[in-house]
Amino acid sequence: MHYYNEEDLDRFGDIAKYKPELFEKFLAWYQACQEEGALSKREKALIGLAVAVTVQCPYCIEAFTNSSLENGSNMEQMTEAMHLASAIRGGASLIHGIQSHNAHDKVSM
Amino acid sequence: MTAIAQIQITRRDGKTAFPSSPVSFEEKLTENNLDLCSTDVEILQVNVGKLCNQACKHCHVDASPTRTEIMRRETVEACLEVLRKFQIPTLDITGGAPELIPDFRYFVTEARKTGAKIMVRHNLTVMFEEGFKDLPEFFAENEVEVVCSLPYFLETQTDAQRGTGVFEKSVEALKKLNAVGYGIDESLVLNLVYNPVGAFLPPEQTAIEADFRRELKNRYDIVFNNLYTITNMPIARYLDWLRRSKNEESYMQKLVNAFNPATVSGLMCRNTLSVDWTGRLFDCDFNQMLELGITEELPQTIRDFSPEKFVNRQIKTAAHCFGCTAGSGSSCGGTVAV
């Protein structure tokens, strides 16, 4: 028994069932964000992959892995993007260590 | 369109040679009010055989060093006769590795006398086989447009698809082609072919062409004219791989989802006539591999060809045709719709 089912990715549209107008707005926004703009589609796919890994969404990871490949990226480039996102996430945790330092300093002689 | 449900050729494992699709290609055309008929024959694409020095994982020909099917002189002559008689503008020679047939150079030099533009689909590594070192010079002397397979600008991906050591040899071969003027002189056109190393669609052609141009120049000082993106066709060895890797269903769904009606008018089957190593005629090289012959009302071999009979013929289709209509489309000359 597991909570994530691969086929659910294709059922994303079912979310519209109880609130179609909100899903339509989301979809339009989501799709517009991925169009070529000041950033290329390839750059956007790599950002999407990095974020997907960071938020640990298995559906997004699969989707943006394919999207990155279909925009010409290779695993070396994709891995660099994933490392950067993970490093930022690690750094974001680590900087909270300063809170600990501060708490320590406050109560210590 | 002509239904082909009755055709049941199989792979070595006994499974059908056609991919399974959630919807038929015919239905998709009908749904979009499209019909698929040919125009004038502008390109004679001659597949001179299945013999190749490589055995790539995605090969739609199942070509390899062990294949023995190659075109004989009599069939080469029949193709030349058609070029001479009907002034077909372009001859596109493919295989296998077409250079490996004994009459390859004869075919090229004689075809050139007809005034046809000559393209050869060249795998780069055949240049390093015994007796083929002068291929760059031969191509240049005959102003052959060379179309080279190079699925990626990195070794890992290229070797994963085409075999260990292929990338290194390919780079050396491209340098040799550059050295005789290919990609540099106006009359010596060097085009590359990208195809995905896996079960995904190709990137946007101009974007990946720019990546190839930058990376090949910076890493190896290699130049070329154009890069064509080609979608992997879900037949033959590539279909076997899709099945082994459990990607057949998802890949076909991807192709169907990406069906682009705007590609249909530019499909290569409309202006190309495909000839196999025996002289039999087909709408395209893919149909040839599936033994999906030209519509039965027409002459079946190159020996009986006359251009007026082949205009406006119904193209034979099946599920594999979704490979040419996905996204920006796919043909031997790259994308077909912007």
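How many residues does helix α2 of chain B have, and how far does the helix reach from its first C-alpha to its last? The helix runs over residues 73-86, which makes 14 residues, and it reaches 20 Å. That is close to the 20 Å expected at 1.5 Å a residue. Before I go on, please keep in mind that this is a predicted model.

Let me stay with α2 of chain B for a moment. Its buried residues are B:T75, B:V76, B:C79, B:L80, B:V82 and B:L83. If you look down the helix axis, these buried residues fall within an arc of 155 degrees, so they line one face of α2(B).

Now the whole chain. Chain B has twelve helices and eight strands. For 338 residues, a compact globule would have a radius of gyration near 20 Å, and chain B has 19 Å, which agrees. The C-alpha trace spans about 50 × 45 × 40 Å along its principal axes. Of the 338 residues in chain B, 50% are buried. Take the contacts in chain B with a separation of 6 or more: 75% of them are between residues 24 or more positions apart.

Next, the sheet. In what order do the eight strands of the open sheet stand? Reading across chain B, the order is β6-β5-β4-β3-β2-β1-β7-β8, and the pairing is mixed. The edge strands, each pairing on one side only, are β6 (226-229) and β8 (281-282) of chain B.

I will walk through part of that sheet. Strand β2(B) runs parallel to β3(B), and four bridges join them. One pair to find on the screen is B:T90 with its bridge partner B:K117 in β3(B). Strand β3 of chain B, residues 117-122, also pairs in the parallel sense with β4 of chain B, residues 145-149, again over four bridges. There, B:M119 has B:E145 in β4(B) as its bridge partner. Is β3(B) largely enclosed or largely open? Five of its six residues are buried, so β3(B) is largely enclosed by the rest of the structure.

Further along, β1(B) and β7(B) run parallel and are joined by four bridges. B:L44 stands opposite B:L273 in β7(B). In β7(B), B:T272 and B:S274 point one way, while B:L273 and B:V275 point the other way, and all are buried. The pairing of β7(B) with β8(B) is antiparallel, over two bridges. B:S274 has B:F282 in β8(B) as its bridge partner. These two strands form a hairpin with five residues between them, where B:G279 takes a positive phi near 100 degrees.

A few backbone details now. Most residues other than glycine have a negative phi, and most peptide bonds are trans. Which two residues does a cis peptide bond join? They are B:G95 and B:G96, with omega about 20 degrees. B:G96 sits in the loop between β2 and α3 of chain B.

Two asparagines also have a positive phi. B:N33, with phi near 55 degrees, is in the loop between α1 (25-31) and β1 of chain B. It has 7 C-beta neighbours inside 10 Å, so B:N33 counts as exposed. B:N312, with phi about 65 degrees, is in the loop between α11 (307-310) and α12 (322-325) of chain B. B:N312 has 11 such neighbours, and therefore counts as exposed.

Last, the other chain. Eleven residues of chain B are in contact with nine residues of chain A. Helix α7 of chain B, residues 205-220, gives the largest share of that side of chain B, three residues. By type, the residues on that side of chain B are seven nonpolar, two polar and two charged.

Key:
Residues are numbered from 1 along each chain as its sequence is written. Chains are lettered from A and ligands numbered from 1 in the order in which they are written. This is a predicted model: local features need pLDDT of at least 70, side-chain atom pairs count only at pLDDT 80 or more; totals for chains, interfaces and linings use all residues. The radius of gyration is taken over C-alpha atoms; the globule rule is 2.2 Å times the number of residues to the power 0.38. A residue is buried if 20 or more other C-beta atoms lie within 10 Å of its own, exposed if 12 or fewer, and partly exposed in between; C-beta atoms are placed from the backbone. Two residues are in contact if their C-beta atoms, placed from the backbone, lie within 7 Å. Ala, Val, Leu, Ile, Met, Phe, Trp, Tyr, Cys and Pro count as nonpolar, Asp, Glu, Lys and Arg as charged, and the others, Gly among them, as polar. The expected span of a helix is 1.5 Å times one less than its number of residues. The arc is that of the directions from the helix axis to the C-beta atoms. Two strands pair if DSSP finds at least two bridges between them.
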